[in-house]
Amino acid sequence: MKIRCLFICALGLLLTVPSWAQLDQANRQLAHEILKELIEINTTDSVGNVSTASEAMAKRLRAAGYNDSDIFIGGPNDRKKNLVVRLRGTGAKKPVLLMGHLDVVEAHREDWTSDPFQLVEKDGYFYARGTEDMKASDAIYVLTMMRLKQEGYKPDRDIILALTADEEGGKSNGVDWLIKNHRELVDAEFALNADAGGVVTEKGRPFVVAMGASEKLYADYALEVTNPGGHSSLPRPDNAIYGLSDALVKLQHYRFPFELNDVTREFFAQTSKVQTGQTAADMLAVTKTPPDQAAIERLSKDPFYNSTMHTTCVATRLEAGHANNALPQRATANVNCRILPGHSRDEISNELTKIVDDPKVSVTYVNNGMKVISGDREKAALPPVKLLPAVMDPLQKISDEMWPGAPVVPTMGTGASDGVYTNPAGIPTYGVCGLAIDVDDDRSHGRDERLPIESYYNGAVFYYRYVKAVAGGK
Ligand SMILES: [Zn+2]
């Protein structure tokens with residue numbers, strides 16, 4: 001309440017708050033309870049248990065009126081059970097799937113100011129692992145499903161909620177498992193994933209409402225040079241470490257071609273409206289055909305804009321040599337690439353070979369990324385999803401009411417989410433999230449992860465309204 005009041009008072013406006021704008025006290029209390037319960041169940045891959053979180057949420061949903069026949073709990077092992085619950089509609093339209101991962105990234109007490117597995121409220125923030133990524137959104141989903149059931153709401157399409165395991169790591173990805181083993185449970189016309197998108201604020205002021213519509217593809221490559229080696233007192237002209245270094249310097253100075261797709265073009269066009277000066281002009285200039293080269297150069301200085309316009313490949317690890325007094329027999333670097341939609345891992349592998357331009361340097365795709373999927377090496381980054389009116393129109397409308405002046409901007413994630421499973425399965429997936437976070441305060445995966453308290457409750461208001469608008473009915 002404090003932040004919101006400060007914000008409104010600072011504007012010096014007298015606002016009448018519409019009835020939808022806030023959670024009533026009972027739902028606020030419930031939202032808090034669900035979040036606290038989820039946060040305090042450790043769901044890390046190392047020592048946590050996703051099944052416990054699934055069971056706890058199922059218990060709440062049952063108490064809200066869901067029948068056992070509409071609740072499924074299952075997974076490949078005892079620690080990684082997923083939860084699927086269905087609110088039945090009239091069947092006039094195909095279902096919508098809400099998806100969220102229950103697992104969280106590891107967090108160690110000694111690295112944090114407070115216990116990462118206790119919900120701490122301080123200075124207007126919730127602190128804990130998962131406050132941002134993504135237990136707050138999971139709790140909002142559960143709250144929304146409970147409210148809709150209790151109201152006796154009958155949507156035009158079934159609303160399915162899937163809360164799943166191992167998005168952040170581990171070997172038992174729940175979305176993958178559900179699609180392979182229980183496709184009928186999660187089959188939908190489209191999916192909403194609160195793990196992407198969200199309201200971007202600057203010092204609390206809404207700036208853009210991001211909607212995840214595309215993702216880059218993750219790929220690791222090993223660059224390796226081998227050499228007969230020998231005694232280090234007798235250096236020779238060819239040396240594995242120098243050979244690899246030369247290759248990496250070439251990579252450092254190479255930039256992959258500039259390329260926009262429907263989503264990134266729209267991203268720059270929309271973001272230019274809320275930017276000012278040279279940056280705004282440059283954003284428009286790169287959307288033109290042909291694009292302005294000087295504008296590309298200037299925007300590329302920003303890592304995020306650069307990554308939006310180009311495939312990127314960067315050295316992330318090095319290993320070489322076996323003794324201080326020996327010539328290296330082997331030098332290896334890991335090069336991590338994020339590939340633009342439409343390009344394959346094989347294609348980038350060939351590209352790296354060309355950039356390095358040295359037969360002594362081998363380039364190999366290595367399957368040790370976070371997402372391990374069969375048929376990996378030939379895989380290409382998926383084209384962006386179509387911007388369906390059923391998804392976009394209500395998002396625009398509700399955003400205009402809740403965050404006036406902040407345009408809805410489709411974005412391409414430079415990382416990856418569980419959309420890597422649903423999109424290829426024919427369920428187009430949209431990153432929609434009503435949580436507002438300052439642009440320079442993204443602490444997901446990091447220490448002292450946090451979320452503004454009011455952002456959480458506003459996010460709950462948003463999702464309730466948005467799901468109803470998307471699902472129609474009464
Ligand atoms: Zn996440």
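Q: Which atoms coordinate the zinc ion, and at what distances?
A: The zinc ion is held by His101 (NE2), Asp133 (OD), Asp195 (OD) and Asp195 (OD), at 1.9 to 2.7 Å. They count as donors because donors are N, O and S atoms within 2.8 Å of the metal (3.2 Å for Na, K and Ca); water is not among the atoms, so sites may look incomplete. This is a predicted model, in which local features need pLDDT of at least 70 and side-chain atom pairs count only at pLDDT 80 or more, while totals for chains, interfaces and linings use all residues. Residues are numbered from 1 along each chain as its sequence is written, and side-chain values use heavy atoms, with hydrogens and water left out.

Q: What geometry does the site of the zinc ion have?
A: The angles among the four donor atoms run from 52 to 145 degrees, and the site is irregular. Four donors count as tetrahedral if all angles lie between 85 and 135 degrees; four count as square planar and six as octahedral if opposite donors are over 155 degrees apart and all others between 65 and 115; anything else is irregular.

Q: How are the donor residues of the zinc ion spaced in sequence?
A: Their spacing is H-x31-D-x61-D. His101 lies in strand S3 (residues 96-101) and Asp195 in the loop between strand S7 (190-193) and strand S8 (198-202), so the pair ties together parts that are 94 residues apart in sequence. Helices (H or I, at least four residues) and strands (E, at least two) are DSSP runs, numbered from the N terminus.

Q: Is His101 counted as buried or exposed?
A: His101 has 1% relative accessibility and therefore counts as buried. Buried means under 20% relative accessible area, exposed over 50%, and partly exposed in between (1.4 Å probe, protein chains only). Asp195, at 22%, counts as partly exposed.

Q: What makes H2 and H3 a packed pair, and how are they placed?
A: Helix H2 (residues 25-39) and helix H3 (residues 50-63) pack at about 160 degrees with their axes 10 Å apart. That makes H2 roughly antiparallel to H3. Angles under 35 degrees count as roughly parallel, over 145 as roughly antiparallel, 65 to 115 as roughly perpendicular and the rest as oblique. The axes are lines fitted to C-alpha atoms, for helices over the stretch in contact, and angles run from 0 to 180 degrees between N-to-C directions. Leu30, Glu33, Ile34, Glu37 and Leu38 of H2 meet Ala53, Ala56, Met57 and Arg60 of H3. Contact here means heavy atoms within 4.5 Å.

Q: How do H2 and H15 lie to each other?
A: The axes of H2 and helix H15 (residues 453-471) come within 11 Å and cross at roughly 110 degrees. H2 and H15 are therefore roughly perpendicular. Arg28, Ala31, His32 and Leu35 in H2 meet Glu454, Tyr456 and Tyr457 in H15.

Q: Which residues of H9 are buried?
A: In helix H9 (residues 277-287), Ala280, Asp282, Met283, Ala285, Val286 and Thr287 are buried. These buried residues pack against helix H8 (262-274), helix H10 (293-299) and helix H11 (303-309).

Q: Is Leu192 buried or exposed?
A: Leu192, in strand S7, has a relative accessibility of 0% and so counts as buried. Leaving aside neighbours within four places in sequence, Leu192 is in contact with residues including Val96, Leu97, Tyr141, Val391 and Tyr466. Leu192 and Gly431 are 239 residues apart in sequence and 5.9 Å apart in space, C-alpha to C-alpha.

Q: How do you know how Arg129 is classed, buried or exposed?
A: Arg129 lies in the loop between strand S5 (125-127) and helix H4. At 3% relative accessibility, Arg129 counts as buried. Leaving aside neighbours within four places in sequence, its contacts include Ile39, Trp112, Phe117, His445 and Glu449.

Q: What kind of peptide bond joins Asp133 and Met134?
A: This bond is cis, with omega about -15 degrees. Met134 is in the loop between S5 and helix H4 (135-151). The bond from Thr289 to Pro290 is cis as well, with omega near -10 degrees, and Pro290 is found in the loop between H9 and H10.
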